[in-house]
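Dear colleague,

Please find below the structure that I am handing over to you.

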Amino acid sequence: MKPEAARVEATPDRETRLEAARVEAMSGREMGPEAAFGEAGLEREETMAAENKAYIVIRADGNADIGVGHLMRCLTIAEQAGGPGGVAFWCADEGSAALVRDRGYTALVLGTDYRHMVQELPQLETLARDLRPGAVILVDSYFVTEEYLHALGTYARVYLLEDMPGRVWPVDGVINYNAFADRGFYQQIYRQTGQTVSLYIGAEYVPLRPQFAGHACQVRERARELLVTTGGGDRENIAGKILETIGDGMCRIHVVSGPYNPHRTWLDSYAADHPWVTVYRQVTHMAELMAQCDLAVTAGGTTVYELCALGVPFVCFSYAENQEALAEYAGTRKAGLYAGKYHQDPAGTLDSIGSLVRLAAVDSELRWQMSCRARRLVDGRGARRVAEALLGAAKCGTEHI
């Protein structure tokens, strides 16, 4: 123990290193990263040092355009995979990295366009060479390309978190946690290419936070508490339109507003004029809030799975193409009530939301049946299963189909 303690004491502090870097820059010698880039260079070096200790590196983004769902589900997996000591993030922009750092994780900003991931390869290939042996890279983006994934695969095992099947990717593992995903289809398309890949398919891998495994909704005779959630961005103020559609005084309404919602002022003003409406931001105990509600209105994203795990009856809709399958599946399985495609028929979907909310609010038998079916779909332990798969790959190599 003493030699290690001595090494720690001998390490110059941050200010000393920066001062040495300034002297180096003035000396005319070839400059290291601290001298060349000052504090920014030092932060980058520190970030890379933290990444070298990580078993898992996650490449994901979250912003006003794509919402924060990708980052949130990856952070949930990261928590189960050992937390900040074992996981680091690569993000395209500072906004994404800030969300990650708020949770205590190391995040390296690539300074690239998240929609053109191939442009990152020169940077990522340099970073990947310094990863610890056996490290795994988890990629979560709709903008990946075969070239991008193949390049990363030359330096580390690569796992892809995807929502829409149909393509064969050059990766070591594929995770699709959607309830409607077909494992048999995945096996078939990968075997046709002779590619060996680990498959983690179906709702048993839904990466929900641990809090969703410990609460349950109680179905009351009449719905008195309604939750409204429309994702991290909600550029069209769908939440506001839902409030106007539902009308006044039917029940208490709890609106969850995401970090990129541009209509915060409108929602706050509406809540001030309607005392039965409460607006929430930066909710850390979402499961507790959901479990207090008798009914929910939600877009077709991860929130659907969170509500299912708790058994909260819900009305769901889609506002983007990638949400259609889940929202329709929930309706078909009668785990929820399906209101339609807002992105194709806004007025019709809002009318349907209003009608279905009024129907479910007074029909406790309908809500009880939805609650039972929903809880059978999701058990809330998917994040742990995904984390175990990634850690297993880092330790022992890729499993076979």
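**Cysteines**

A search of the whole structure finds 0 disulfides. Cysteine 74 takes part in no disulfide, and the nearest cysteine sulfur, that of cysteine 91, lies 9.2 Å away. Please bear in mind throughout that this is a predicted model. Cysteine 74 counts as buried because its relative accessibility is 0%. For cysteine 293, the closest cysteine sulfur belongs to cysteine 217; the two sulfur atoms are 8.3 Å apart and therefore too far from each other for a bond, given that a disulfide requires sulfur atoms within 2.5 Å. Cysteine 293 has a relative accessible area of 1% and is therefore buried.

**Asparagine 63**

Asparagine 63 is found in the loop that runs between β1 (56–60) and α4 (69–80). Is this residue, asparagine 63, buried or exposed? Its relative accessibility is 10%, so asparagine 63 counts as buried, the cut-off for buried being under 20%. The side chain of asparagine 63 reaches two backbone nitrogens: that of aspartate 65 at 2.9 Å, and that of isoleucine 66 at 3.0 Å. When residues up to four places away in sequence are not counted, asparagine 63 touches Asp93, Tyr114 and Tyr260.

**The cavity**

The structure holds 1 cavity of 30 Å³ or more. The volume of the largest cavity is about 70 Å³. Which residues line the largest cavity? Its lining is formed by Arg59, Ala60, Asp61, Ile66, His70, Tyr114, Asp140, Ser141, Tyr142 and Phe143.

**Alanine 330**

Alanine 330 is placed in helix α13, which covers residues 321–332. With a relative accessible area of 3%, alanine 330 is buried. Leaving aside neighbours within four places in sequence, the contacts of alanine 330 are Phe314, Cys316, Ala335 and Gly336. Alanine 330 and phenylalanine 180 are separated by 150 residues in sequence, while their C-alpha atoms are 9.2 Å apart in space.

Yours sincerely

Conventions
Residues are numbered from 1 along each chain as its sequence is written. This is a predicted model: local features need pLDDT of at least 70, side-chain atom pairs count only at pLDDT 80 or more; totals for chains, interfaces and linings use all residues. Side-chain values use heavy atoms; hydrogens and water are left out. Helices (H or I, at least four residues) and strands (E, at least two) are DSSP runs, numbered from the N terminus. Buried means under 20% relative accessible area, exposed over 50%, partly exposed in between (1.4 Å probe, protein chains only). A polar contact is a pair of N or O atoms within 3.5 Å; within protein, one must be able to donate a hydrogen and the other to accept it, and residues adjacent in sequence count only if both atoms are side-chain atoms. Contact means heavy atoms within 4.5 Å. On a 1 Å grid over the protein atoms alone, a cavity is a set of points where a 1.4 Å probe fits but cannot get out, and a pocket is an open set with protein on both sides within 12 Å along at least five of seven lines; lining residues have an atom within 4 Å of a point. Grid points are joined across faces, edges and corners, and a volume is the space filled by probe spheres set on the points.
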